[in-house]
Amino acid sequence: MTTLLNLLNLMTSVWTSLAATSSLSSQSFIVASVNPRHHCSITHNDVLKGTSVDCQNRSLTDIPKALPADTVILQLQHNNLYQLRNYSFNHVPELVQLYLRYCNLSSLEPRAFHGLGRLQILRMDHNNLLLDKDTYSSDIFLPLTSLQVLNLGVNDPRTTGEIPDDIFVTLLTLESLTIDTFQDESFGNGLSQLKKLTCLSLGGVWSDQPYCAIMRLHNNTFSVFEKSRLSQLDLQYCDLYLIEVGTFLPLSHITTVSMDTVKYLGIDPVIRAMFGFNGRNISQMICPYCFYPHGTSLEQLRNQMISKETTSLLENICIGHLDFSHNRILYIDTSFVFTFGKCLTYLDLSHNYIVGHVGTIFLLSFFRKLQYVDISFQINFKKNDIDGVLQKGIEEQDTRSNRAVINKNLHAPNAVFYFPPSLRILKLRSVSTNMGILFSSEIKGAQHLTTADLAYNGIKGFPQHVRGLEHVQSMDFSGNTEFRMTEQFLKSFNCATHLFLNNKALSQGALLLDGPLYNGIRSLVHLTRVEMSGNKIQFLPGDFLHPLTNISYVKLSDNSFVKMPFDLPFIPKDLTILDLSTNSLTHMSDKEMNTLDTISYRNRLTLKLEGNPISCSCQALSFVTWLSTTYVALDKGGNYTCVDEEGVITSTSAVNANFNWHWRRCRGVFWLLFTTILMCLLIMAVVSTLLVLRNMTYFQHRFLLLLGRGAQIVTRDAFQKDAYIAHCEQDNNLACNGIGMVLKQRYMLRLILSHDCLPGHMVIKHVVDSVNDSWKTVLVVTENFLDDDWSYFTMQIAANAVTSTNPSRVILLLIGRINEALLPDFLLSVVSEDNIFHLKNIPDEESEEWTHIQNRILTGSEYYFT
């Protein structure tokens, strides 16, 4: 096995040598490391004219030996080297860049870098190398005679110790140095030999946590760099508690200081330390998040103020870039403007708690070279947390006077604002809660202003044209609820290319056809981007974008559109992004899909639909298919949550994956319904035909009846009697003295009663004649009637007398506990419900029941055919 491995290593070395000398400079090859299982990627580097080797994440435990001799870049990040042994890099003498980050290094042998005389960049940050003499021998970097960049940061987590400064004595060419520090750092004289050093970084981040131990900066902290060319100082993420006024005085060439996220300090000590910049031109002073994160003591709050006393120390300072954002600044004195106004080109005071002389910020004309200013987000101030402390020591500061002056000026009938002539970007987002209606008539010095952000300021409107905004390209009025703009104001920036009216910046009905906002926006013919998201708009005029031929980006997300907002002929032809996310769209019509495809063929349109209640129903099946086949670029890859016909939540990709099944289901429902109806009609036709054939005479009769052929009217007058009261002999008294007497005497009806049959007459003939001679037959059904021998015959004769010409001829009076179930079916089948009366007893003469019985007896005329 050992022989086989040795043979494999030998073959690999031969192949590597051939690859390194190949004339195909751009070809990539594979080279084995010490362990044949680990391979590194090799490419040719045209800039450095050598080979670049990438051995990242290869689980290496030692430096690969089988490397091309002309290797100029070696990347060994994220391995497990643990230790660099002597002469580890003798086989790569041409090495220019060496990256040993995240290698778990904890030990360096004295001759580890022997032979690297051409090395320019060495990065060993994010390891476990303690910054002491045990780790770094005095001559560890002696071979690195060409080194320019050295990064040893994020290695030593200790807070106390002493930097072995003698290890840097030989690095005469070093220009950039990153090292760890200790709490009270005092750099040794060995660092004074770094004459060419221009960049010093003392801070870093490890696992999203600050990795900088230095806590105090004294006047002599940087004295050893007095003769260096140090121009850039990076103190990011250092938890500083102290910075003395003369800290930066020794740095005569300093131009950029970055103190990003320097906690526990406050802005006042930082500005005092800028005393060291007097008489110099400083490019950048970056100090966001420089505040004490906890507590509201008076001393801490004073450190969050820019006072006249502090700025008076900076009589002759010239800074071009100043970033004091996210600092909880409470107060800015007017002297700030005059101190920094002569050189400042970039000013960021956003995300503060300015409640003092905020009006000084509006004295923009004093910033003669200012190009960028951001004063946004000043109204998120937790006033209750510090009011009590402020009242103890700073009552002399009038925290409201200047704000009142600003509000008064803003609302003057013809207020004029003065801007620096070089100003390009102005951000005043969320600096006030209620600016109201602004009546400014002119802004002077805005000839280079391109971007103006006035969002979330409680602006209610601009009623008039404002001169001086002709060159503005981007205007943001988002978040100003109840915002109303006149057409004249919108025409003030007729060269605008971007317009933002997001988050309830539009009142209800603001975009009505031929309204001021409608006409005003359509007059901005140079617009390329329009955003009106978060306004709950339900309707836009179909030709809203018709004159805006340059529009390429339209954002209408978070509204209430149920269909495409624009008429198809007026969709801009150069549209590249259409954001309709979070609306109420369920699907699109075929014409809308075809139009979007046509636009996309020209400009590669991007359509955003996430957050809409997409439907996967049969009606929307063509739209769901379009989502997977269109050339339009869709957010989420065209895969949206949707709801099918049965209310089941699924996705459009799942529907398309089973498209045939969904198609059959949708088409199957239609054809099933169609064939079912057709089959029912066919069966009905067959049954109807059979019925007609089997009852031809009856249907001929009914047909002639419908035509009215030979019809004669049969009335009650055609009969001798109005009614035949049929009863049994035992009910003579009931029928004669009860029913018969009331109907005869009160209602004067012509009646025949069963007891009228004379003795000796045939009962059969009496019954038949009585039924035939009477308009109606009233059967008095009692228990005696059902027990009578002649009752069944009487019911048969009465039922047989019912015909289509007189269908309501029989009336039943069920007296007592008589139920319809006791009557024969042939009788019930010819008697309607209206002709059945349930009577417990014979009603009183005045009862309304008699009226109902009389009405049923006298009802209607019937037809019959001769």
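1. Is histidine 126 buried or exposed? In this predicted model, histidine 126 counts as buried, because its relative accessibility is 12% and the cut-off for burial is under 20%. The residue is found in the loop between strand 8 (121–123) and strand 9 (149–151), and its phi is positive, about 60°, although it is not a glycine. Most residues other than glycine have a negative phi.

2. The disulfides can be taken together, five of them being found in a search of the whole structure. One of these joins cysteine 40 to cysteine 55, with an S to S distance of 2.0 Å. Cysteine 40 lies in strand 2 (residues 39–45) and cysteine 55 in the loop between strand 3 (50–54) and strand 4 (71–75), so the pair ties together parts that are 15 residues apart in sequence. The torsion about the S-S bond of cysteine 40 and cysteine 55 is about 115°, and the disulfide is therefore right-handed; cysteine 40 and cysteine 55 are both buried.

3. A disulfide also joins cysteine 212 to cysteine 238, again with S to S given as 2.0 Å. Cysteine 212 lies in the loop between strand 13 (209–210) and strand 14 (216–217), while cysteine 238 lies in the loop between strand 15 (232–234) and strand 16 (242–243), so the pair ties together parts that are 26 residues apart in sequence. The torsion about the S-S bond of cysteine 212 and cysteine 238 is about 80°, which makes the disulfide right-handed. Cysteine 212 is buried, with a relative accessible area of 12%, and cysteine 238 is buried as well, with a value of 0%.

4. The disulfide between cysteine 616 and cysteine 642 has an S to S distance of 1.8 Å, and with -90° about the S-S bond this link is left-handed. The pair links distant parts of the chain, 26 residues apart, with cysteine 616 in the loop between strand 37 (614–615) and helix 11 (621–629) and cysteine 642 in strand 39 (residues 641–643). Cysteine 616 and cysteine 642 are both buried.

5. Two bridges join strand 26 to strand 29 (residues 459–462), and isoleucine 437 stands opposite glycine 461 in strand 29.

6. Glutamate 531, which is found in strand 33 (residues 529–531), counts as buried at 5% relative accessibility. A polar contact of 3.0 Å joins its side chain to that of asparagine 502. With neighbours within four places in sequence left aside, glutamate 531 is in contact with Leu499, Phe500, Leu501, Asn502, Tyr553 and Lys555.

7. Strand 42, helix 15 and strand 43 make a right-handed β-α-β unit. Strand 42 is mostly covered, five of its six residues being buried; it runs parallel to strand 44, to which five bridges join it, and alanine 723 stands opposite lysine 776 in strand 44. Strand 42 also pairs with strand 43 in the parallel sense over three bridges, and the bridge partner of isoleucine 725 in strand 43 is leucine 753.

8. The helix of that unit, helix 15 (residues 732–746), bends by about 40° at glycine 740, and glycine 740 is among the buried residues of helix 15, which also include Ala735, Cys736 and Leu743. These buried residues pack against strand 42 (721–726), strand 43 (751–753), strand 44 (774–781), strand 45 (810–815) and helix 20 (848–858). Just after helix 15, methionine 748 takes a positive phi of about 55°.

9. Helix 18 (residues 791–800) has as its buried residues Ser791, Thr794, Met795, Ile797, Ala798 and Ala799. The elements against which these residues pack include strand 42, strand 44 and strand 45, together with helix 16 (763–773), helix 17 (783–787) and helix 19 (825–828).

Key:
Residues numbered from 1 in each chain as written. Predicted model: local features only at pLDDT ≥ 70, side-chain atom pairs only at ≥ 80, totals over all residues. Heavy atoms only, no water. Pairing = 2+ DSSP bridges. Helix = DSSP H or I, 4+ residues; strand = E, 2+ residues; numbered from the N terminus. Buried < 20%, exposed > 50% of the residue type's maximum accessible area, 1.4 Å probe, protein only. Bend = angle between axes of the 7 residues up to and from the residue. Contact = heavy atoms within 4.5 Å. Right-handed = clockwise from strand over helix to strand, strands pointing away. Polar contact = N/O pair within 3.5 Å; in protein donor to acceptor, adjacent residues only side chain to side chain. Disulfide = S-S within 2.5 Å.
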